[in-house]
2 protein chains.
Amino acid sequence: MTIPARIDPVTAPLTPAAFHILLALVDARLHGLGIADAVEQLTDGDMQLGPGTLYRSLKELAAVGLLREAAAPTAGDDPRRKYYELTDPGREQLELEARRLERIVDAARQRRVLQDEA
Amino acid sequence: MTIPARIDPVTAPLTPAAFHILLALVDARLHGLGIADAVEQLTDGDMQLGPGTLYRSLKELAAVGLLREAAAPTAGDDPRRKYYELTDPGREQLELEARRLERIVDAARQRRVLQDEA
DNA sequence: ACATGAAATATCCACATCGGACATATCTGT
DNA sequence: ACAGATATGTCCGATGTGGATATTTCATGT
């Protein structure tokens with residue numbers, strides 16, 4: 001399973017894959033492939049989760065309690081699907097990581113790397 | 001040397017290490033360890049470049065022309081130091097990556113992941 | 001009802017990235 | 001001259017990623 005060594009809430013940089021998965025689950029309960037699709041849309045196609053990264057990440061994120069399996073949102077749903085939802089710690093970590101990225105973008109702004117565009 | 005496979009300007013996500021190195025060089029000509037220090041300050045200690053990542057990244061970034069070696073800024077400088085400066089393509093790539101990160105942060109904001117703080 | 005293709009989950013492997021250990025050379029201060 | 005700090009560089013093990021592949025189950029057309 002290779003449980004991630006760092007659950008340390010202070011340093012804890014989430015992997016890009018983990019971050020995007022959690023972000024996709026903020027306001028929607030989704031299943032594996034639904035998450036992959038959501039992530040792709042969310043990033044304008046920049047981030048494409050292969051099945052390897054996708055299911056490994058889901059397994060590990062569930063193992064450390066940042067998300068959990070959840071019941072299907074609708075009744076007659078495809079029973080093969082496994083739905084996931086964010087946990088409270090998951091949302092915390094997501095927020096931490098988002099702030100970390102925000103600081104990076106701010107640093108780039110301070111150095112005028114992001115020019116204004118039309 | 002393992003020249004990076006992707007110099008593709010469209011998709012081109014810079015590695016975190018490469019991004020921070022280029023960012024550190026935006027308004028300062030620095031040498032290797034100086035870059036590592038700058039990156040650590042820039043990220044509030046989040047990102048610490050080990051010598052492996054540092055010198056490997058510098059070599060590869062120079063090889064693909066995103067930065068170049070430059071003369072020492074001051075005269076009586078430690079001759080062991082190798083200074084680096086950004087190239088125009090380097091600044092372009094930096095800007096692209098910064099924008100990519102900005103989009104991610106925006107997505108997080110839209111989903112109200114970043115709560116206001118005091 | 002049945003065959004066919006799509007959807008969904010899951011595993012395996014090869015590759016890229018990373019950080020620390022280690023090595024070597026040179027500078028600085030006492 | 002000596003000791004410790006500074007600086008660059010290489011090597012290796014650990015981690016993260018994506019594609020190929022496998023397997024099962026669902027949905028669709030005839």
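What follows goes through the labels one by one.

Mentor: Housekeeping first: this is a predicted model, where local features need pLDDT of at least 70, side-chain atom pairs count only at pLDDT 80 or more, and totals for chains, interfaces and linings use all residues. Residues are numbered from 1 along each chain as its sequence is written, while chains are lettered from A and ligands numbered from 1 in the order in which they are written.

Trainee: What makes a residue count as being near DNA strand D, and which are the closest?
Mentor: Its C-beta atom, placed from the backbone, has to lie within 6 Å of the strand. For DNA strand D, 28 residues surround it, and the closest are A:Thr15, A:Gly50, A:Gly52, B:Gly32 and B:Gly52. Two or more residues each come from α1 (16–24) and α3 (51–63) of chain A, and from α2 (32–42) and α3 (51–63) of chain B. Helices here are DSSP runs of H or I with at least four residues, strands are E runs of at least two, and both are numbered from the N terminus. The largest share, five residues, belongs to α3(A).

Trainee: And which residues come nearest to DNA strand C?
Mentor: Out of 27 around DNA strand C, those are A:Gly32, A:Gly52, B:Thr15, B:Gly50 and B:Gly52.

Trainee: Which residues of α3(A) are called buried, and why?
Mentor: Buried takes 20 or more other C-beta atoms within 10 Å of the residue's own, exposed takes 12 or fewer, and partly exposed is in between, with C-beta atoms placed from the backbone. In α3(A), A:Ser57, A:Leu58 and A:Leu61 are buried. They sit on the same side of α3(A), because their arc around the axis is only 100°; that arc is taken over the directions from the helix axis to the C-beta atoms. On the other side, A:Pro51, A:Gly52, A:Lys59 and A:Ala63 are exposed. The buried ones pack against α1, α2, β2 (67–70) and β3 (83–86) of chain A.

Trainee: Why is A:Asp44 called exposed?
Mentor: It has 10 C-beta neighbours inside 10 Å, so A:Asp44 counts as exposed. A:Asp44 lies in the loop between α2 (32–42) and α3 of chain A, and has a positive phi of about 55° although it is not a glycine. Most residues other than glycine have a negative phi.

Trainee: What about B:Arg112, buried or exposed?
Mentor: B:Arg112 has 11 other C-beta atoms within 10 Å, so it is exposed. Phi of B:Arg112 is positive too, near 60°, and B:Arg112 lies in the segment after α4 (88–110) of chain B.

Trainee: What makes two residues a contact, and how many residues of chain A are in contact with chain B?
Mentor: Their C-beta atoms, placed from the backbone, must lie within 7 Å. On that basis 24 residues of chain A are in contact with 24 residues of chain B. Helix α4 (residues 88–110) of chain A supplies the largest share of chain A's side, twelve residues.
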